Structure formats: C-alpha cells, structure tokens
Amino acid sequence: MVADKQKTNKKKTQTKKVASSVGATKKRKSKVNKKPPYRPLKFQSVKEMQDKVEAYFTSCNDYVRDAKGNRMKDTVSGEYLTYQAKVPTITGLAVFLDTSRETLLDYENELHKNKDMPPEIRHGFSDTIKKAKLRIYDATEQQLYRGKPTGAIFSLKNNYGWEDKTKVETKDVGHHNPFENLSEDELRRLAGEMSS
C-alpha cells in the first residue's frame with residue numbers, strides 16, 4: 001500500500017512538472033508574440049536610427065573657444081558656437097553606428113532580410129539613410145571650396161557619380177575646294193603647269 005501511494009505521488013509530481021513546463025512554454029510564446037514579427041538588421045526603430053545618426057553629425061562638431069579655452073556663445077541666440085571639426089563620411093557614420101557600409105546600403109535600398117517588415121518602416125529606415133547621405137554629400141561638396149579639394153573630388157567621383165568631362169565642339173568652317181568645278185582635263189593641264 002505504501003508502494004502504491006509512492007507510485008501515485010510520483011505520477012502526480014510528473015504530471016505537475018509536465019503541466020508547469022507546458023505553462024512556461026505558453027508564457028514564453030506569449031512574450032515572443034508581443035514583439036513585432038520582424039527584426040531589423042541593426043536598429044529596433046526608425047527613431048532610434050534617426051537619433052543615432054543625429055548624434056554622429058553632432059560628434060563631427062566642436063565648440064568655438066576663446067583664447068582661454070572657454071566656449072563662446074552667440075551674442076544674439078545665446079547658444080554655444082560650434083564648427084565642423086571633422087568632415088562627416090559614410091564610413092564614419094557606419095563606424096559610429098557600429099555597423100558596416102553594406103548594412104547602411106541595405107537600409108537605404110530597403111533590402112532588409114525580413115520581408116514581413118511593414119513598408120512604412122522600411123521606407124523610414126531608407127529615408128533616414130538617404131537624408132544622412134545627402135548631408136554627407138553636402139559636407140563633401142563644401143570641401144571643394146576650402147584648401148586642397150583632392151580628397152573631396154575623389155569622394156564625389158567614387159560615391160556620388162561625379163565625372164570629369166571635357167566637351168569638344170567641332171565646327172564645319174565650310175572649306176571650299178577651288179578645284180571642285182574643274183574637269184579632269186583642266187586639272188591635268190594645271191598639274192602639268194605646276195610641275196614645269
């Protein structure tokens with residue numbers, strides 16, 4: 001009889017364990033189902049990406065300082081004055097975002113690995129990268145007007161499709177052949193006169 005009670009208790013314990021593991025599995029599934037059915041390559045939301053992109057551009061600036069090293073303020077707005085300390089680049093943006101150029105291009109071209117991602121979210125990521133690249137393009141183009149523009153020219157050619165083009169125009173000046181209306185005999189006679 002004691003053995004029967006032990007067997008019954010053992011079965012009850014095993015049943016409780018199975019029931020609790022099924023319940024835990026259901027709880028895990030319900031937690032997973034609360035997340036979106038897609039997972040972006042690197043960023044959880046468009047806003048998160050936009051904030052980090054903005055932080056990158058801010059990191060390229062530094063404060064204008066006076067001779068003592070104090071930050072200077074604008075006399076009208078009262079805001080601290082800044083200047084562009086380093087030129088923003090696509091690679092610099094990728095490094096700052098702890099990702100690669102290829103991942104940024106995937107976001108820009110909407111080539112996310114998850115096809116379940118809603119189009120408005122894909123477009124949001126794409127627009128964020130396009131706007132960032134446009135700001136980088138502008139900063140690179142501005143370098144043409146400062147100092148030595150060789151690096152900026154290289155970047156514009158390789159990243160933005162710029163080309164060196166030389167336009168050659170030719171004009172027909174209407175060369176007139178003074179012998180065009182002469183007959184063959186007249187041409188021979190002229191040729192004979194010239195040779196003698």
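Biologist: How many helices and strands does the protein have?

Modeller: This is a predicted model, and in it the secondary structure of the protein comes to 7 helices and 2 strands. Read along the sequence, these elements follow the pattern α-α-β-β-α-α-α-α-α.

Biologist: And what share of the residues counts as buried?

Modeller: Of the 196 residues of the protein, 18% count as buried. The protein exposes about 15,800 Å², and carbon and sulfur atoms supply 52% of that area.

Biologist: What about contacts between residues at least 6 apart in sequence, what part of them joins residues at least 24 apart?

Modeller: Among those contacts, 52% join residues at least 24 apart in sequence.

Biologist: Let's go to helix H5, then. What span should its residues give, and how far apart are its end C-alpha atoms?

Modeller: Helix H5 covers residues 119–142, and at 1.5 Å a residue its 24 residues should span 34 Å, which agrees with the 34 Å between its end C-alpha atoms.

Biologist: Which residues of H5 are buried?

Modeller: The buried residues of H5 are Arg122, Gly124, Phe125, Ser126, Thr128, Ile129, Ala132, Lys133, Ile136, Ala139 and Thr140. They pack against H2, strand E2 (residues 82–84), H3, H4 and helix H6, which runs over residues 150–160.

Biologist: Glu108 belongs to H4, I think. Which residues of H4 are buried?

Modeller: In helix H4, which covers residues 101–108, the buried residues are Thr103, Leu104, Tyr107 and Glu108. Seen down the axis of H4, these buried residues fall within an arc of 140 degrees, so they line one face of the helix.

Biologist: What do the buried residues of H4 pack against?

Modeller: They pack against helix H2 (residues 46–59), helix H3 (residues 90–96) and helix H5. H4 is followed by Glu110, whose phi is positive, near 55 degrees.

Biologist: Now H6. Which of its residues are buried, and how are they arranged around the axis?

Modeller: Ala152, Ser155, Leu156 and Tyr160 are the buried residues of H6, and they cover an arc of only 100 degrees around the axis, which puts them on the same side of the helix. These buried residues pack against H3 and H5.

Biologist: What sits on the face turned away from that buried side?

Modeller: That face of H6 carries the exposed residues Thr150, Phe154 and Asn158. As for what comes after the helix, H6 is followed by Gly161, whose phi is positive, near 75 degrees.

Biologist: What about Lys157, what is it in contact with?

Modeller: Lys157 is found in helix H6 and is partly exposed, with a relative accessible area of 34%. Leaving aside its neighbours within four places in sequence, Lys157 is in contact with Trp162 and Asp164.

Biologist: Changing topic, how many aromatic pairs does the structure hold?

Modeller: The structure holds 4 aromatic pairs. One of them is formed by Tyr56 and Phe96, whose rings are tilted, at 5.6 Å centre to centre and with 55 degrees between the planes.

Biologist: Where do Tyr56 and Phe96 lie?

Modeller: Tyr56 lies in helix H2 and Phe96 in helix H3, so the pair ties together parts that are 40 residues apart in sequence. Tyr56 counts as buried, at 2% relative accessibility, whereas Phe96 is partly exposed, with a relative accessible area of 38%.

Biologist: Which residues form the aromatic cluster with Tyr56?

Modeller: Tyr56, Phe57 and Phe96 form one aromatic cluster.

Conventions: Residues are numbered from 1 along each chain as its sequence is written. This is a predicted model: local features need pLDDT of at least 70, side-chain atom pairs count only at pLDDT 80 or more; totals for chains, interfaces and linings use all residues. Side-chain values use heavy atoms; hydrogens and water are left out. Helices (H or I, at least four residues) and strands (E, at least two) are DSSP runs, numbered from the N terminus. Buried means under 20% relative accessible area, exposed over 50%, partly exposed in between (1.4 Å probe, protein chains only). Contact means heavy atoms within 4.5 Å. Accessible areas come from the Shrake-Rupley method with a 1.4 Å probe; for residues, only the protein chains shown count as cover. The arc is that of the directions from the helix axis to the C-beta atoms. Rings of Phe, Tyr and Trp (its six-membered ring) pair if their centres lie within 6.5 Å; planes under 30 degrees apart count as stacked, over 60 as edge-to-face and the rest as tilted. The expected span of a helix is 1.5 Å times one less than its number of residues.
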